[in-house]
Amino acid sequence: MESLEALMAAHGAALLRLAFMLSGSADAAQDLMQDTCVKLHRHWPKVARADSPLAYAKKVMVNEYTRNATRKVSSEISVSDPALLAREPAGGSFEGHLVERDRLWTLLGTLSPAERAAVVLRYYEDLSDTQAAALLGCRASTVRSNTARALARLRRAVGAGEGVSL
Amino acid sequence: MSDLERQLRDMFHDRETQAPAARPVSEYLGDQPVKSSRRWQWLAVPAAVVVTAAVVVGVAALSVSGPSRQPAAGPAVSGIRGEGPVWDSATADCDWPYAVEYLPKKDFAFDGTVTAIGPAQSGGPGDDRYLSAVTFTVNEWFLGGSAPSLTVDMPTPQESGSGAYGTGTRLLVAGGPRWGGPDPTADAFAGGACGYVVYWDAQTADAWRTASIATGDINQEETSYPTNASGQTYGNLPNSGEGMRTEDIPDLIGVKGNSGLYGYITKHAFLGGPPPANPSQALENQATASPVTVPVYASDGVTIIDYFTIGVGEPVTELNQP
């Protein structure tokens with residue numbers, strides 16, 4: 001990869017989508033993208049030598065996200081309002097599923113950065129525990145435990161609400 | 001896979017369409033308005049820098065997709081002076097936000113006067129349009145170097161306001177090798193946004209000197225003292241020099257002067273002459289010795305900044321023991 005510009009031209013959209021899934025909002029995603037670009041720019045010779053500059057960039061992004069423990073994990077609520085956090089019957093309708101997913105998206109904001117990163121890498125990036133661990137710089141068992149903790153937390157938050165089978 | 005896991009996949013898939021669009025790299029590296037939530041890091045430079053860069057090198061040179069990145073050459077404005085940090089660091093996100101006690105975290109620090117400004121030199125394939133290579137005549141080294149001059153890549157100067165400097169401006173500068181490595185001044189870089197580029201004043205220079213001497217060299221190995229332009233090694237003595245061999249003591253030894261300023265006394269003054277040939281001579285020397293006041297130098301070994309009185313029985317005399 002000859003330059004950061006070339007990397008971003010090829011993979012900027014994918015990286016920004018990852019940033020969005022991690023951070024939970026468009027503004028926070030752009031901030032995370034900026035942090036990542038600055039880091040990549042600063043260490044470009046090392047990035048360029050990497051086997052996969054894209055994987056390197058993702059690793060930088062995930063680490064930037066998890067490193068900043070104080071980063072506010074915000075979530076946009078696009079369907080209605082914070083009432084989504086309350087139990088709401090999803091039912092079997094299409095609209096019901098949308099509400100469910102919106103609620104799930106909102107509830108991701110209740111996870112710790114490490115838990116959210118594990119969930120995003122496992123279920124958005126579709127990585128194995130081992131692959132996710134490589135990006136997170138931790139052991140696969142840590143990814144597994146963070147994922148399990150996140151899922152348990154989501155289940156508890158959603159609860160056994162009416163019509164919700166999570 | 002559980003229902004929840006499936007729903008997570010579906011949910012992420014749905015959300016993809018709501019992700020924002022990627023911006024040009026140049027925007028991420030610095031030419032956007034600063035939002036309250038946005039955290040500019042050391043490579044990010046104030047928007048005003050970009051404006052000046054556009055004036056100096058032309059808009060065409062600012063095109064990210066251009067065939068060549070033409071570094072900005074800063075305006076050669078002589079004699080610009082100011083107070084405090086050269087750049088406003090309020091919005092910077094820094095590993096070590098400016099505080100004089102953090103100075104030892106830097107790889108180099110010096111007091112220097114700008115003599116030339118040209119295109120950035122330290123860059124790899126990245127985008128260095130907002131950087132300039134600034135050559136300094138070094139008035140005094142605090143950390144990491146000894147050469148009489150140094151060229152540092154820094155954000156391109158402004159003619160006024162935040163970021164204003166030019167030839168003739170005297171600055172206190174701290175930074176490090178841009179791409180890492182053992183040489184503190186290789187591809188020297190000073191971001192400035194974190195406040196480690198400061199207009200010179202005597203008080204701040206004293207504070208930098210104090211910080212660098214008091215803690216900066218304290219962890220150095222005995223054999224890794226920096227060397228000044230005269231070839232003298234300088235630094236503090238670990239553990240007050242206890243157990244050190246005479247030959248391992250640097251040529252200039254960090255002390256706190258009588259006026260409270262930190263600097264260096266010479267090894268010769270420190271040792272007080274040749275070691276005693278035998279115990280009798282040592283006792284005789286001790287009996288006849290009287291306090292002696294010696295100059296305290298800057299790290300150049302030439303500039304006298306204070307004086308230091310070596311008294312009989314002070315711990316320093318113990319260092320004469322092999």
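How many helices and strands make up the secondary structure of chain A? The secondary structure of chain A comes to 8 helices and 0 strands, where a helix is a DSSP run of H or I with at least four residues, a strand is a run of E with at least two, and numbering starts from the N terminus. Keep in mind that this is a predicted model, in which local features need pLDDT of at least 70, side-chain atom pairs count only at pLDDT 80 or more, and totals for chains, interfaces and linings use all residues. Residues are numbered from 1 along each chain as its sequence is written, chains are lettered from A and ligands numbered from 1 in the order in which they are written, and side-chain values use heavy atoms, with hydrogens and water left out.

**Confidence**
- The model scores ipTM 0.81 and pTM 0.40.
- Chain B has an average pLDDT of 69, and 61% of its residues score at least 70; pLDDT is the predictor's confidence in each residue, from 0 to 100.
- Residues 31-77 of chain B stay under 50, and the model gives them 117 contacts beyond four places in sequence, a contact being heavy atoms within 4.5 Å.
- Residues 312-322 of chain B are also below 50 in pLDDT, with 17 contacts beyond near neighbours in sequence.
- Where pLDDT is low, the predicted coordinates should not be read in detail.

**Chain A overall**
- Along the sequence, chain A reads α-α-α-α-α-α-α-α.
- Of its 166 residues, 54% count as buried, meaning under 20% relative accessible area with a 1.4 Å probe and protein chains only (exposed is over 50%, partly exposed in between).
- Among contacts in chain A with a separation of 6 or more, 66% come from residues 24 or more positions apart.

**Helix α2 of chain A**
- α2(A) covers residues 26-42, and its end C-alpha atoms lie 24 Å apart, which agrees with the 24 Å that 17 residues should span at 1.5 Å a residue; the expected span is 1.5 Å times one less than the number of residues.
- α2(A) is mostly covered, with 14 of its 17 residues buried.

**Where α6(A) meets α1(B)**
- α6(A) (residues 113-124) packs against α1(B) (residues 3-15) at about 85°, with the axes 9 Å apart.
- That angle makes the two helices roughly perpendicular, a label for 65 to 115 degrees.
- On the chain A side, A:Val119, A:Val120, A:Arg122, A:Tyr123 and A:Tyr124 meet B:Glu5, B:Leu8, B:Arg9 and B:Phe12.
- In α6(A), 11 of the 12 residues are buried, including A:Val119 and A:Tyr123.
- Just after α6(A), A:Asp126 has a positive phi of about 60°.

Technical notes. Axes are lines fitted to C-alpha atoms, for helices over the stretch in contact, and angles run from 0 to 180 degrees between N-to-C directions. Angles under 35 degrees count as roughly parallel, over 145 as roughly antiparallel, 65 to 115 as roughly perpendicular and the rest as oblique.
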